[in-house]
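Please examine the sequence and structure shown here before reading on.

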Amino acid sequence: MEVIISDSSKDASMRAARLIAKTVKEKPDAALGLATGGTPLELYRALIAMHKSDGLDFSKVRTFNLDEYIGLPETHEHSYHFFMHENFFKHVNVKPANIHIPNGLAKNVERFCFEYEAQIKAAGGIDVQVLGIGSDGHIGFNEPTSSMASRTRIKTLTPATIEDNARFFNGDKTLVPPHVITMGIGTIMDARTIVMLAFGSNKADAVAKMIEGPITAMVPASALQMHERTKCFTDLPAASKLGHAEYYKWVYSRKPDWQKDS
Ligand code: F6R
């Protein structure tokens, strides 16, 4: 895993945005795996700015979101459909037909999940998957003990994740739906490139375990140690518990410029 420590989450998000922009320029119909939550907001802002000022073109891009709450309609202000529309899609030129987000109201969840996997496959697989990390080490909504080989399926959130996400539900944890549809760890691991973003001191423990701890289902993000091309962009607080932070900075500072955004 390549670890890129930036002075701020804004710098880190800009670096991640440049990598995604390069992918989209080289492959205009790239399939992007997208995440919600607080972490990718600056990344989406940076991509929107590139679209508006430099004409970064998303018209052929296909998108696949990681997850969605079960029971929330697309129009619900806390659904991930709504989040993606408000924070990214309505500001760029992604075609609605090319947007894929798990359907939280699917009548047959199992069939829906099977078809979601088939849609990713039909798109040729995901070129770049954006991820955040939960304070318990989850990726997507693959909570600790999730199978490392899991595919898109229903999951039950842990009380800790419900607590973390209550901030999006006016602080009321009773409003956070306990069930979600999420891509599995196996689904995520199939992406050709993974862009992991981790910001803030509340992620420092999970980041250290993900990068320097043992690979274990207790820390789902540790599966990324087995991924061929994962880039982890952190700010200083999120990197504060890494034992080898100076080494990662040393490595990055010696990379040739042409390699930095790829
Ligand atoms: C969101 C997702 C989650 C979040 C994680 C971090 O689609 O899959 O894994 O990335 O819970 O959330 P934030 O960014 O809000 O700290």
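Which polar backbone atom is 2.9 Å from an oxygen atom of the ligand? The atom belongs to glycine 38. The model is predicted, so local features need pLDDT of at least 70 and side-chain atom pairs count only at pLDDT 80 or more, whereas totals for chains, interfaces and linings use all residues. Residues are numbered from 1 along each chain as its sequence is written, and side-chain values use heavy atoms, without hydrogens and water.

**Ligand site**

The polar contacts (pairs of N or O atoms within 3.5 Å) include the following.

| Residue | Polar atom | Distance to a ligand oxygen atom |
|---|---|---|
| Glycine 38 | backbone | 2.9 Å |
| Histidine 138 | side chain | 2.6 Å |
| Arginine 167 | side chain | 2.7 Å |

The protein covers 94% of the 410 Å² of accessible area that the ligand has on its own (Shrake-Rupley method, 1.4 Å probe). Around the ligand are 15 residues, the closest being Thr39, Asp67, His138, Gly140 and Lys203 (a heavy atom within 4 Å).

**Sheet**

An open, antiparallel sheet is formed by three strands in the order E4-E8-E7 (strands are DSSP E runs of at least two residues, numbered from the N terminus; two strands pair if DSSP finds at least two bridges between them). E4 (67-69) and E7 (153-156) are the edge strands, each with a single partner strand, so one side of each has no neighbour in the sheet. From one strand to the next, the twist averages 30° (angles run from 0 to 180 degrees between N-to-C directions of axes fitted to C-alpha atoms). E7 is joined to E8 (residues 179-182) by four bridges, and arginine 153 has threonine 182 in E8 as its bridge partner.

How values were computed
Polar contact = N/O pair within 3.5 Å; in protein donor to acceptor, adjacent residues only side chain to side chain.
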